[in-house]
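We will go stop by stop.

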Amino acid sequence: MPPQTVVSSSSSLDEFLTQHRISPRFAFLLEHPEERLPASFASWHEICDSLPDLIESGANVRQLIHNLPEIEIPSTFTYEQLRLAHLLLCTLVSAYLWADKSSKPPYSLPRCLSLPFNSVAQSLGMKPVVSHHSTCLANWRRISGNMDKSKVIADDLDLIAFRFLKTSGNVWFFTLNAQLEFDFAPAIVAAASICHKGASSTSSDIDEALDRIITAINVCAALFVRFRERLTPVEFYHGLRPYLWGYANIEGGVVFEGLDDSNPSLLPGASAAQSCTIQTMDAFLGVKHTGNFIEQKSRSYVSNVTSCLPLTEHSSSGLSPLPNRRLSTLSFILILDFPKLSEHSTTLDPCTLELYPSSSLASQRIPLNLERVELRSCSFSRQFALIRTM
């Protein structure tokens, strides 16, 4: 069956994008992130801005955060202010839990964190836990005001918050991710265009959208190799990664003090799989995600993509079938640079690659013929995450 109609034919594509808080140029990346909250929140900014020095000096970061005043989130906050508040609270909570390497993380969050974090999360339709939606999509600013504002280039960016390490790798990890999100915008708009057309979309329309998606994947795949320029795997794994953990790594979870529901939270932390961009591409290919870690309107958009474009149904309808090779290329592009698993293997399952030790990734690269390779089911996000580990 053809894609379902999601929006009225009288709506423009721009209106459809605006409805889901998607920028035609920036996609899910917040186009104008707020950088400072009102003066009453100065204590939040002061600690967030000082964390790399405080952690390096051995200061009692947990006690400093515990002593913060309880601040109520104003009902007049704009969407951008709420996103900044969520980012700052992600930073403070992660520091409270993980900055002190000499002791176990606490089993509860004080009221000065739990109450505003829960309030902001509810207002945004998100979870009160560190997430990609805040640490990346709402966490970038330009270093200089004279640069080209039509582009997002990692080298020209800094972070608003979520800095824990004094090395450049902490900043680089998130600013390069921000550029990846920006560079993928054409693919997001292509998927939105198909949803906007609804039942009137044809196989040619989808084929054109796939072309734009493949182009975006190629651009981003080339950008991936730059992660190692300023961030080593060791620094990421042992230095930055713990601050992304959330509560699932704490035995028994974390209690939010001051809330009526005091059951411990075991919410996992930030992951690239939470990227709305990756989830959109998965939805475009019929792969479903669970969890509510992304902002409500973005989640609604991913749901719309899932409902409006089941590619397999479209291919089996009365319309011309989509080119299978094109779909294979879309899935396969992300693993083209992985080492071969066997000289004679004609079946390559990207999901099994994570079982191989990192030392095996040093083996030679080979060109593989798509005609001879069968791709088993594996989500776009998992393939996307796998290539990041190289």
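**Stop 1: confidence**

Start by colouring the chain by pLDDT. This is a predicted model. The chain averages a pLDDT of 76, and 69% of the residues score at least 70.

Select residues 1-10. Here pLDDT stays under 50, and the model has 27 contacts beyond four places in sequence for this stretch. Now select residues 310-390. Again pLDDT stays under 50; the model has 128 contacts beyond four places in sequence for these residues. Where pLDDT is low, the predicted coordinates should not be read in detail.

**Stop 2: α2 and α4**

Two packed helices are described by the angle between their axes and the distance between the axes. Select residues 42-57, helix α2, and residues 79-98, helix α4. At what angle do α2 and α4 pack? The angle is about 55°, and the axes are 10 Å apart.

Next, show the side chains where they meet. On α2, pick Trp44, His45, Ile47, Cys48 and Leu51. On α4, the partners include Leu84, Leu88 and Leu92. The residues of this contact divide into 10 nonpolar, two polar and no charged.

**Stop 3: the ring pair**

A pair of aromatic rings is described by the distance of the centres and the angle of the planes. The count for the model comes to 13 aromatic pairs. The ring centres of Trp98 and Trp245 are 4.9 Å apart and their planes stand at 80°, so the pair is edge-to-face. Trp98 is in helix α4, while Trp245 is in the loop between α10 and β4. The pair links distant parts of the chain, 147 residues apart.

**Stop 4: α7 and α9**

Select residues 168-183 for helix α7 and residues 203-224 for helix α9. Their axes come within 9 Å and cross at roughly 165°. The two helices are therefore roughly antiparallel to each other. This crossing is right-handed.

Show Leu176, Gln179, Leu180 and Asp183 of α7. Then show Ala216, Val219, Cys220, Leu223 and Phe224 of α9. These residues make the contact. They divide into seven nonpolar, one polar and one charged.

Terms used. Residues numbered from 1 in each chain as written. Heavy atoms only, no water. Axes fitted to C-alpha atoms, helices over the stretch in contact; angles between N-to-C directions. Helix = DSSP H or I, 4+ residues; strand = E, 2+ residues; numbered from the N terminus. Contact = heavy atoms within 4.5 Å. Nonpolar A, V, L, I, M, F, W, Y, C, P; charged D, E, K, R; others polar. pLDDT = per-residue confidence, 0-100. Phe/Tyr/Trp six-rings, centres within 6.5 Å; stacked < 30°, edge-to-face > 60°. Parallel < 35°, antiparallel > 145°, perpendicular 65-115°, else oblique. Left-handed = near helix turned anticlockwise from the far one by under 90°.
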